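Visitor: I would like to learn how to read a structure of this kind, feature by feature. Could you take me through one slowly, with the general idea placed before each case?

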Amino acid sequence: MKPDGVVVLDFGGQYCHLIARRVRELGVYSEILPCDATPEEIRGLETMRVKGIILSGGPASVTEENAPTIDKGILEMGLPILGLCYGHQLLAYIHGGEVRRGERREYGITYVEIDKPVGVLKGMRPIERVWMSHGDTVFKLPPEFETLAHTDISPIAAFRHRVKPLYGLQWHPEVAHTERGREMLANFLFEVCRCEANWRPEDTVEKAIREIREVVGDSRAVIAVSGGVDSTVAAVLASKALGDRLIAVHVDTGLMREGESREVAEALKRLGVNLIVVDARERFLKRLRGVVDPEEKRRIIGEEFIRVFEDEARRVGAEYLIQGTIYPDRIESGFRRYSDKIKTHHNVGGLPSKMEFKAVVEPLRDLYKDEVRRLGERLGIPASIVRRQPFPGPGLAVRIIGEVTEEKLELLRRVESIVEEEVEREGVHEGLWQYFAVLTDTKSTGVKGDERAYGWMVAVRMVESVDGMTASFYKAPWTLLERISTRITNEVPEVVRVVYDITHKPPSTIEWE
């Protein structure tokens, strides 16, 4: 039986995918479609019973020429619609409301006054703490709508249609900074759309196995396995689907952490995955020589990965490539028409335009990291892998600012090892999303042994997150930071300065490149 679900129409806002994530947290399936999706495309979705539509935020102004909009037929489908930020403005605008640039922007924490706690705002307090991020404002509604909330800057911060199930919120309930955003979304799903909470990521196992079998057929496939949770879960799924016709390939790029390739090989073989380890260290370093631009690094690494797989595929007679690509990888690579590209992921935007494979299969492409972990637990993958902190596909190449060399890689491996050892010794690692070091391209003056020293500056990064879409820097104990700094400067003589990154995502990304 299909689960109840909601379609999120993407107007290019990075929070769009956080909306989908929050809906799934409530046990309702969600899927993202481009904002110009047609009613036929929505009705034709085979993954769910569509019970409602959410319009995401976006960077455009609804009054601009060629601003993204929706197919007017969607308004005639009879489905409940919730517009958020840009979606809120769009709903008002296309019904004849007045939307224009406000004298002041609302950005960040805002306190909104609830005039009518009904529908999406059922049970809300007279004043709610929310997250705003907009320049345009709804100033007037047509007669068939009513105002539900306001602020000093936004006279119509929330509204609803008096008869139809149409709602608009100027703020972002999907962002953690909106104190009761979860309850607002739950109101829309369960009170307005009448959804049932009948979806779990674990239920996708059979679907993923079936998809792999249908695409690959009786042929062979190769899968890239880094040892992280995404590629490992994809490999185990593919192994269940194809058996010995799957060849898992772990590429030792020379860009891995200390001892990582050896540990990966041992773990995957214990899981019964048919694994080949390819030593391609010289090959990757040669291609990266002299390259400093991070996007170029990712493109080169993505292309070289594919070439390695093609070599192995030819050798074993495989015609298909399977990847552990997950939702955030595709999001940040700018896969939607109105979405901005944050960075190219080596297994998405880094793929070369011409490949020898008949098709690329991505069984995890619609799941978020924590959903993949739940899937891993269902598949019996050890906790040491399921809970392993994310590691970028391009490896240490994107934790070295500037040109990648063997000397820099060796230095960073030693530094990363110290960071990991101290964080784990402190016992805080299980609460962190990632903890690592970055070798900057800056050198600094220091003093070692009463003598002037001139060496590298490294940055330490620790973040807390649920899904990698947003993250907060970890407020690490001073004693922990002191131990890390002291060990690095004592044990890695080439380093004279250690700094700690205290930037959230957004505005930064988790990785530096």
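**Reading the chain and its salt bridges**

Guide: Buried residues account for 60% of the 513 residues in the chain, and please keep in mind throughout that this is a predicted model. The secondary structure consists of 14 helices and 18 strands.

Visitor: What does the radius of gyration of the chain agree with?

Guide: The value is set beside the one for a compact globule, which for 513 residues would be near 24 Å, and the chain, at 25 Å, agrees with it. Along the principal axes, the C-alpha atoms fill a box of roughly 75 × 65 × 40 Å. Of the contacts between residues at least 6 apart in sequence, 74% join residues at least 24 apart.

Visitor: How many salt bridges does the count come to, and how should I think about them?

Guide: Side chains of opposite charge can pair when their charged atoms come close. Here the count comes to 50 salt bridges. One of them joins the side chains of Glu 296 and Arg 299, at 2.8 Å from N to O; these two residues are 3 apart in helix α9 (residues 294-316), so about one helical turn separates them. Glu 296 is partly exposed at 29% relative accessibility, and Arg 299 is partly exposed at 33%.

Visitor: Which parts of the chain does the pair of Glu 319 and Lys 358 tie together?

Guide: Glu 319 and Lys 358 form a salt bridge whose closest N and O atoms are 3.1 Å apart. Because Glu 319 lies in the loop between α9 and β13, while Lys 358 lies in the loop between α10 and β14 (359-361), the pair ties together parts that are 39 residues apart in sequence. Glu 319 is partly exposed, with a relative accessible area of 29%, whereas Lys 358 is exposed, with 57%.

Visitor: Are Asp 501 and Arg 461 buried or exposed?

Guide: Both Asp 501 and Arg 461 are buried, and their side chains meet in a salt bridge at 3.3 Å, N to O. Asp 501 is in the segment after β18 (495-500) and Arg 461 in strand β16 (residues 451-464), so this pair ties together parts 40 residues apart in sequence. Salt bridges can also be linked in a network, as they are for Glu 421, Glu 422, Arg 425, Glu 426, Arg 483, Arg 487 and Glu 491.

Visitor: Which residues make the nonpolar surface patch?

Guide: Ile 109, Tyr 111 and Ile 127 make this patch of about 300 Å². Ile 109, found in strand β5 (residues 98-114), is partly exposed, with a relative accessible area of 34%.

Methods: Residues are numbered from 1 along each chain as its sequence is written. This is a predicted model: local features need pLDDT of at least 70, side-chain atom pairs count only at pLDDT 80 or more; totals for chains, interfaces and linings use all residues. Side-chain values use heavy atoms; hydrogens and water are left out. Patches are made of residues with over 30% relative accessible area and no salt bridge: like charges are joined within 9 Å, nonpolar side chains (Val, Leu, Ile, Met, Phe, Trp, Tyr) within 5 Å. Accessible areas come from the Shrake-Rupley method with a 1.4 Å probe; for residues, only the protein chains shown count as cover. A salt bridge is a side-chain nitrogen of Lys or Arg within 4 Å of a carboxyl oxygen of Asp or Glu. Helices (H or I, at least four residues) and strands (E, at least two) are DSSP runs, numbered from the N terminus. Buried means under 20% relative accessible area, exposed over 50%, partly exposed in between (1.4 Å probe, protein chains only). The radius of gyration is taken over C-alpha atoms; the globule rule is 2.2 Å times the number of residues to the power 0.38. Contact means heavy atoms within 4.5 Å.
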